[in-house]
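Please open the model in your viewer and switch to the cartoon view.

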Amino acid sequence: MAGDLREGGPLPKAALVGRVGRAAGPSAPTGSDAGARRLFGRDTEVEALFAALAGLASGTGRAIALVGEPGIGKSTLMGAVAAHARATGVPVFAADGRGTAAAQLPSAPAAVGVHDVAAHTTRGAAVLAAVDDLHHLAADQIASLERLLEATATGPVLCLLAYRQRQLSPALAAALSRAVSAGLLEVWDLQPLSPEQARELLGGHPDADEIHREAMGNPQYLKVIAAHAAGSTDAGTAILGELAGLDPASLAAVRAAAVLGERFHPELLAAVAGLETPAAMAALDTLSGLDLVRPSEAAPHLELRHRAVGEVVYRRLEPSLRMTLHQRAERVLAEQRAPIVRRAHHVARAADPSRPEHVTTLIAAARGILFTSPAVAAGHLRAALELLREGEAHWHEAQVLLARTRLLTGDASESRALLDALRSALSGGESGDVAALADSSRIERRLGRYAEAGALARTALAALADHDTATAAALHTELADYAYDLQDYEASRDHACTAAEIARGCQDRVGEANALGQAALAHLFTGDQATARAMATSAAELIDAASDATLVTNLEAVFQLGMTEGMLGRLVDSERHLLRGAALSRSTGQTYIEPQILTVLANSQLRSGKLARTLETLDETAQHVERVGNPATAAVIAMVRADALFWRNGPGDLPEAVATAERAAAIAGTTPTAWAVSIRCFHAEFVMFTGDAPRARWLMLDAGGGTGLPGLTTWRKPRWCDVLAEAALAEGDHAAVEHWAEVAEACLQELPSTGRHGFALRARMRAHTARGDIERAMGSAQEAVADFSAAGERIEVCRTLLAAAALCLDAGRTGAVADWLNRAAVLAGQCGAARLADEAAHLRGRLAARAGTAGALGALAPLTAREREITRLVSTGMTNREIAEALFLSVRTIESHLGQIYRKLGVSNRASLTRAMLGSGGPPDAS
């Protein structure tokens, strides 16, 4: 198809429809026309239109209509084609639907109306006829338009039309429809820009993705919103042009709509605009006909076409008029008893120092939207503080609330500065003062100042008169987090349980869920796995029952639950809850918690083997990292990225992964907090991945506090013991391999079986290998794979399969290796782990060189080929639905096959089936 375009051949309409709005790549047109190179996201259309121009040389004519929303780029695209036509010697005759010369179309000679353009197409010479804003075409010009379209079928005429579908008259719409039916006209519906194209257009703007969502991909709106964010007034000229010629009443109406900034009832608009109702309705009819105002879904309300239109109009209002309109809006809304949040929008922009009720309105509105729109609340509070002097009533409350909004929006440093300034004035006994101390504690902890955080929380708790309030629960939650960070899990457990009890008494279900999530982790790390799992289940039930409106008041609870579920091996639930938390964080602007949620989410996705999704999630954190100010979050982000890049192993991934892992370790330094110890352990494991066993061994012992690993909890030890066993085996220290396997196994009685046992079993596999007991080593490998599969730890399943296969080959055994490598390859492909896939391919080569084929089916001999295929996929951890999708079968068919497989092999569940699969080659045989 691209070849047809380059040769100037006709392009079928169906193909064009599928390609509209998609970039053709950097090679798309590079001619002398500079305008074409500025058309972000329109490469496909430009290429096709240039081809249509080239086709005129062979006598082929076409008529193409460019259709789309205002600002989508119709006129700009038409102008680029006209410029190219002039540059290649094709005459251009251009006009717009009003009957005036088209301003954007460089034309020589120029026409005035469609009738004049049509007259120039009957001379037999190749021409470009361009009509912009066709929707304005008068009824008496429709016949001329039809003659123009007919001319494209009989001569070398390229006719370009641009119009807005909403503004077509019935007669003009009918004429265009007839032309399409007759095959005389192709209609191209220009699509919005993609997020990638928007980022390019905005030149790397830090909020490009958010602006793209607001603008719905419309290039004009993108520029207007970006300019508004930058404080520029240059954008929006085309929108201002749409206001030209409006009668006074219509102009007053569109200005009032811009000030209201939301959908409106016609009567409200009339009152704000200062118009009588009949005049306002007539004005709205005019604005609707011009597509400046559109009906809202909540009839009979109306709204401006887009927020960008309102911003352009609003920014051009005289200050006095703007103030007057806001004052009218506030007065009318007050008379209508509108919600205080709607009134505050206008009060903040036209506050009157002589009206003390304006201060209380702003503070009350800020309190009401504190969690749903903290950035807007901050604006209201700043407006209120401009009306107050230090020490006056409400001044202290407004300062504390402002500090809280800055915390919620991720500006921890500014929030801390505000609270520090208030600290000397805090009495320490009033609930508002104590709540401010609780906020201060949270801020200090987010900034990595743990000692200060703990001191503030203890001070606030001691000053609290009533220890059964929500404030008391929040303080105990803070102290639980502080103790957890310092690895004092007993103290963390006690504070968390106290917080849960208080929150339950206060009917604060989300606060209770947060505390239960904390307590679950503390119980896990103090050896009480049953209680940990029960508490996590209770927390999940509370979170799932909470509405979004309730949950946004404490997004810490979602983060805590997702982290706890990940620790417990509930990866699916963890991802589900964290995705909900991330969505609420984005929708409300509570950016303070988003990077932490995304970091834990990325870690869950990494463990599930979703490498592409992991890196996408980490990319979302990039815009927050500099503002986070929290070394723990920055280090974890870096370490997860290093692991994901290592396993993906694309071009350039390895050096970036190594540098990123070293950066994470540097951030952790020698800090004794829990997060820093974990980062140092993960760094040691990463070093082992890269093949440096001596350094990995030294780093792990240093992180764990020595040979007894006193710095690690029971829950953490099995994984790191497995790394130490692997390093010792690589160095030939067989006694050390046995030691670390024993240490890992000693932890198992205190740990949940899913996921954690797999590490101890893999360490035991290495110990058996060191003694030359390959059969028992493979037995441990089978159990490890089953445990990792049950936990959804796909990367670990694949690593274990490959490790077991390598050990067998090293020992000269080939019995089941082929099946293990097949399963590992399938799993590596699902994960997008090129490194693991390459390792599987390498081991396959070794197997082929040694034995030529794995041959024996062993225990799987009774199964059909399809049943063996399903068994292999089950052993990789895939669900029935995933297997059905992979094999293009129904879920019911997969379930039926599994029933037959269980019967034939005498097994009762998936874990038993996995063990049978691993043993499918029968006893290991010598090569």
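Select strand E4, residues 157–163: 7 of its 7 residues are buried (under 20% relative accessible area with a 1.4 Å probe, protein chains only). Strands and helices here are DSSP runs, of at least two residues for strands (E) and at least four for helices (H or I), numbered from the N terminus. Show the side chains: Val157, Cys159, Leu161 and Tyr163 lie on one side of E4, and Leu158, Leu160 and Ala162 on the other.

This is a predicted model, where local features need pLDDT of at least 70 and side-chain atom pairs pLDDT 80 or more, while totals for chains, interfaces and linings use all residues. Residues are numbered from 1 along each chain as its sequence is written, and side-chain values use heavy atoms, without hydrogens and water.

Look for Arg62, whose bridge partner in E4 is Leu158.

Zoom out to see the open sheet of 5 strands, in the order E2-E3-E4-E1-E5. Strands E2 (92–96) and E5 (186–189) stand at the edges with a single partner strand each, so one side of each has no neighbour in the sheet.

Back at E2, 5 bridges pair this strand with E3 in the parallel sense. Ala95 stands opposite Val131 in E3. Finally, select helix H5 (residues 74–87), which packs on the sheet and touches E1, E2, E3 and E4 (contact means heavy atoms within 4.5 Å).

Technical notes
Buried < 20%, exposed > 50% of the residue type's maximum accessible area, 1.4 Å probe, protein only. Pairing = 2+ DSSP bridges. Axes fitted to C-alpha atoms, helices over the stretch in contact; angles between N-to-C directions.
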